Amino acid sequence: MIGIGTSPLVFARRAAARAGAALAVTALAGCGLLGTPAANPAAPAPQAGKATPATSAAAPSPVQAPQASACPGTPAGFSCIMRQRIAAVERYLKYRPGLIGIVLRDRSTGAVWRNRYAGSQIYMASTSKLAMAVTLLLQNQAGVIQLSSADRAVMYQMLHVSSDNAADDLWFKYGASFYTSYFPRIGLTGARYLPQAGVTGPYWGEMTCTAEDESRVINYVLNRLPAPLRSYLVYQLRHVAPVQHFGVWGAGPANHPGNKDGWSVEKPGWIIDSTGFAGTGARYTLAMMNSLNGEGGYHAGTDTVTQVAAILFQGHQIPAPQGSATP
């Protein structure tokens with residue numbers, strides 16, 4: 001599954017994927033410690049406390065920065081505590097299944113951290129719906145289309161609960177080229193479109209891109225959209241339904257996160273993605289694309305992307321998200 005609901009056009013493919021995945025899984029698809037002066041990683045703060053190894057949120061973890069360690073020299077431009085937490089994330093990921101591409105940006109300093117898989121092509125799953133919404137809003141403002149109240153209600157469902165049927169309605173109403181010709185303008189320059197049975201031309205549910213692409217899109221939303229459109233999308237991403245309370249959401253309520261998540265079963269296995277922002281004034285953007293490669297399922301993937309955000313913005317792991325993928 002990519003979001004919720006199943007289009008008739010892709011019912012057969014997803015049913016087959018669910019049948020195979022059911023053998024291994026039961027369901028589809030900062031900084032400083034909060035309440036301390038270190039809640040903003042850009043502000044002067046004590047260094048984070050040391051943790052001991054573990055593999056679950058219920059026990060200590062090897063990922064927290066040593067209390068008295070020297071600051072890592074890279075990546076440049078981040079505060080000392082954020083550099084420590086980036087190093088902690090890299091240690092944490094050594095124990096996680098599959099591969100994950102990550103891009104973290106500090107919109108205040110311009111600092112960027114890209115991990116080794118930031119340029120890897122990974123299925124977008126439902127994160128493509130954010131690019132669709134940006135395209136629709138900009139083209140409506142330009143007078144190319146006129147979004148009706150019904151269109152806006154459908155777009156809300158596409159963003160809020162990640163409805164696949166809503167995305168299908170808007171994709172086929174305006175046509176694939178309406179979106180694909182516009183996507184590079186908003187930063188989605190590396191997208192690839194895979195064939196989809198029963199669909200002529202590109203389809204939102206069969207796209208790959210890189211975490212770099214996802215990062216450019218969310219930064220376009222925050223840096224370049226006209227204020228009314230930006231305010232609309234920021235609000236929507238901060239108020240997604242519980243089905244999308246994972247990934248960047250792990251930054252915690254004190255960091256006012258917003259995200260668009262995606263989950264699906266594809267040829268490489270489970271795909272769990274999350275792109276969004278966190279921090280005062282949405283200071284940081286974070287794009288994560290996790291391909292489990294058959295090494296784990298929905299819960300393993302949602303836990304990975306959630307803990308990455310929690311380590312970066314809260315300084316420690318949190319309980320694993322308890323949601324389940326929707327049919």
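Contact here means heavy atoms within 4.5 Å. The model is predicted: local features need pLDDT of at least 70, side-chain atom pairs count only at pLDDT 80 or more, and totals for chains, interfaces and linings use all residues. Residues are numbered from 1 along each chain as its sequence is written, and side-chain values use heavy atoms, with hydrogens and water left out.

**View 1. Threonine 285 sits in strand β8 (residues 284-291).** Strands (E, at least two residues) are DSSP runs, numbered from the N terminus. Threonine 285 is buried, at 1% relative accessible area. Buried means under 20% relative accessible area, exposed over 50%, and partly exposed in between (1.4 Å probe, protein chains only). The side chain of threonine 285 makes a polar contact of 2.9 Å with that of asparagine 219. A polar contact is a pair of N or O atoms within 3.5 Å; within protein, one must be able to donate a hydrogen and the other to accept it, and residues adjacent in sequence count only if both atoms are side-chain atoms. Beyond its neighbours within four places in sequence, threonine 285 touches residues including Val103, Leu104, Ile218 and Phe277.

**View 2. Threonine 275 lies in strand β7 (residues 269-278).** Threonine 275 counts as buried, with 1% relative accessibility. Its C-alpha atom is 7.1 Å from that of isoleucine 218, 57 residues apart along the chain.

**View 3. Strand β1 (residues 99-106) is largely enclosed by the rest of the structure, because seven of its eight residues are buried.** Two strands pair if DSSP finds at least two bridges between them. β1 runs antiparallel to β8, joined by eight bridges. Valine 103 has alanine 287 as its bridge partner in β8. Three bridges join β1 to strand β2 (residues 112-114), again antiparallel. Here leucine 104 partners tryptophan 113. The β1–β2 hairpin has five residues between its strands, and glycine 110 in the turn has a positive phi of about 85°.

**View 4. The structure holds 11 aromatic pairs.** One of them joins tyrosine 203 and tryptophan 204: tilted, 5.4 Å centre to centre, with 50° between the planes. Rings of Phe, Tyr and Trp (its six-membered ring) pair if their centres lie within 6.5 Å; planes under 30 degrees apart count as stacked, over 60 as edge-to-face and the rest as tilted. Tyrosine 203 is buried at 0% relative accessibility. Tryptophan 204 is buried too, with a relative accessible area of 0%. Ring pairs also link Trp171, Tyr174, Phe178, Tyr179 and Phe183 into a cluster.

Methods: Helices (H or I, at least four residues) and strands (E, at least two) are DSSP runs, numbered from the N terminus.
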